[in-house]
Amino acid sequence: MHLNKDERNKEQERVTWVSQQLDEKIQDTQTEYQKAKAETQRVQKDYGTNTSANYLEADDRIETSADLQQQRSLTNKVVEDQAIVESQLATYRDLRQSPYFGRIDIQDEGFSDVDHLYIGKASFIDKDGEFLIYDWRAPISSVYYNGTLGKVAYDTPNGKQNTDLLKKRQFQIKNGKIINMFDTNETVGDELLQSALSDENNEKMQNIVATIQHEQNDIIRDTNSNLLVVQGVAGSGKTSALLQRIAFLLYHSRDSLNADQILLFSPNLLFSNYIKDVLPSLGERNMRQVTLAEFFAHRLEGMKVQTLFQRYEDNDQDLDPALREFKNSQNYIDQIEEYVKQLTPDRIKFDDIHFNGEVYFSKDEIREVYAALPQGMTSSEKLLQTKNKLIKRLKNRIHDETKKKWVADIIDTMSDEQYHNLLGAKHLNDFEELDDERDYIATQLVKNRLSTVYDAIYNDEFLDPYVQYADFLDHVKLPNQVDLDQWKQNKNDFLSHIEFHQIGLDDTAPLLYLRDRFSGENKNVNIKYLFVDEIQDYSIAQIMYLKLIFPRAKFNLIGDSEQAIFKDVESAQTLLDKLNDAIPSKRSRLIQLNRSYRSTYPITSFAKSLLPDGNDIEAFNRNGDKPELIVKDSSEELEQTLLSVIKQQLQKHETVAVITKDAASAKRVYQKVNARFDATLLKDSDRDMNSPVVVLPVYLAKGLEFDSVVAWDTSKRNYPDEHSLGVLYTILTRAMHSLTLLCNGEVSPLIPKRAISNNLIKISKNSTAE
């Protein structure tokens, strides 16, 4: 409901007054920031002076070391103080442009006064301690997102508080001026959404605090679930809700949670860069972020781990689907669990530890140490005790090693500088005899050289996880649908790849699970919340490994089963059931988002017509042109048509994305497009999209959106059957305002006849290029 002029003037007066208060606060904070900056520069200058202190005398070294530690702590504190003030200043400046987006009038139960509360991206308190703006994450703000007019309740530190919601008002404010305002009984009025969604695509994802919907708010404010699964259709705002959820959790649990305790697995580097500004725009530091490929590569340092994209491109046609499904299953990981429990010392694949080209600790000696430990110990407990005993034996051997010829040879050829470095803080008069000094030097030298042996013990280099995994492959109980000969060939392929320091993706999580379950190491108990975007692209085996490694984390898994491009589509409930079995949780929850906001109504209506359950998707009513399908009889004609379409679309929109099925197609298309337009070919190593025209394979488009999308060659040849459904659907749903499908020859049968008969798409078989 739009408001009369008097109401609008009153609200504008308040905006102007709040802006004035913010101006004063900005000025005060700017002064505070300059002081903090000057203090930081002074302390850092003092620190730089002190680091050039005298180190020649031992007493000086000890005293200087203590001074430096104190100075370092002071430096860290002033730098942190400056960062806090700088963040506050950025928040106030941001609020100055648009102080708030909502207002609620409430009357708490048992009180006669009506409170007028304004909701914005951050709280702002005046000099008298009165809230002029409430943070959107504050408990009272939940009334704005969840409540309809009438009796509602919200959480307080003392429990539930009942209140009467009398008014809900929404604003669009830019540069301190009200652009639009109206009263509504909805979470966010369609008019505000229409305005937000009609904008051209930004290079970076924006926060959505002004347009959060009721169902998204359920995701954001959930503090109870240990396993939260969000199934959201394309364009439902699930990723935005994920990021707002992180911001909310950091606000809600500020005393016990920081950004370093939150980890997000993102689908690719482009996506990671695309979302990086959301949390800072809300005054929060970014969470830790990694792709699955980066995570596995770090865990298997020195190995070339096949990525999901590489497996998709390779197409692995020689690998039986039943075999792959088995290796990605809970059954497979459960068998590894049982295998580890039953491992006896004689079946553990120990390796020798070498020093100076000779065996220092033999695998037989290590096995004897391990075998002598009590049988009641777990494998991880035995491994830790074995390492401790080996380190003890290493220390006992140091004296014997100092008498060896290689030590005397090195001492005799040392420079004075090397000799004094080993001497360290010792003085010549600390030794009664010259031989004592030489023995000390020999001991230090041996300790330094034997550090390689110590590192080998500490890093479990006496265990061979690859040979151990190969042994496991010999003891697997195969399901009936997996062929024994194919399984044997699979093992041979694994060993062959290992010889070249390569490992396939399907073996990576199981091998890591075996290694880390046996050792009990490599766990991260500091991560409290783990987020996975595009969960439909993960296997149950991978999720079980993540749970092993992050045992204390609450899991938040977000995706869309219909966008499964690396495997066949499965329902959200099926996925949740599998997850509950694989990583049991006392409090698991599935939230489904069925309303799509990204695309125009015609685009969403066409895209959902491809899906068996497409009627479950609700298209947001935003007008636009129908998608267009252009069919040509040759590659040359199709390429010319593509150039024409891009030219037309650039006259209407800022960004055009040509999305292909694979990287080879993207490369061929790019060569044609780049000759005419400022274009970029996106690869999995890229982080930015810096040109108006981008060409990319579908798997790099995950989580992204573009003003105009051209789906390249949607022919039967490229998308022959239901196994390609997730791929094609993902391409179509990247479009915000315009969608064009180009086809060479017979059209994919995935485009249903009902879409054509119901006039959901415009078809042109005789369009001519320029």
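**Reading salt bridges**

Guide: Lys672 is partly exposed, with a relative accessible area of 42%. By definition, buried means under 20% relative accessible area, exposed over 50%, and partly exposed in between (1.4 Å probe, protein chains only). The model is predicted, so local features need pLDDT of at least 70 and side-chain atom pairs count only at pLDDT 80 or more, while totals for chains, interfaces and linings use all residues. Residues are numbered from 1 along each chain as its sequence is written, and side-chain values use heavy atoms, leaving out hydrogens and water.

Visitor: With which residue does Lys672 form a salt bridge?

Guide: A salt bridge is a side-chain nitrogen of Lys or Arg within 4 Å of a carboxyl oxygen of Asp or Glu. Lys672 forms one with Glu639, their closest N and O atoms being 3.8 Å apart. This pair links distant parts of the chain, 33 residues apart: Lys672 is in helix H26 (residues 663-673) and Glu639 in helix H25 (residues 635-650). Helices (H or I, at least four residues) are DSSP runs, numbered from the N terminus. Glu639 is partly exposed, at 22% relative accessibility.

Visitor: How many salt bridges does a search of the whole structure find?

Guide: The search finds 39. In one of them, Arg96 meets Asp23 at 2.7 Å, N to O. Arg96 lies in helix H2 (residues 58-97) and Asp23 in helix H1 (residues 5-50), so the pair ties together parts 73 residues apart in sequence.

Technical notes:
Helix = DSSP H or I, 4+ residues; strand = E, 2+ residues; numbered from the N terminus.
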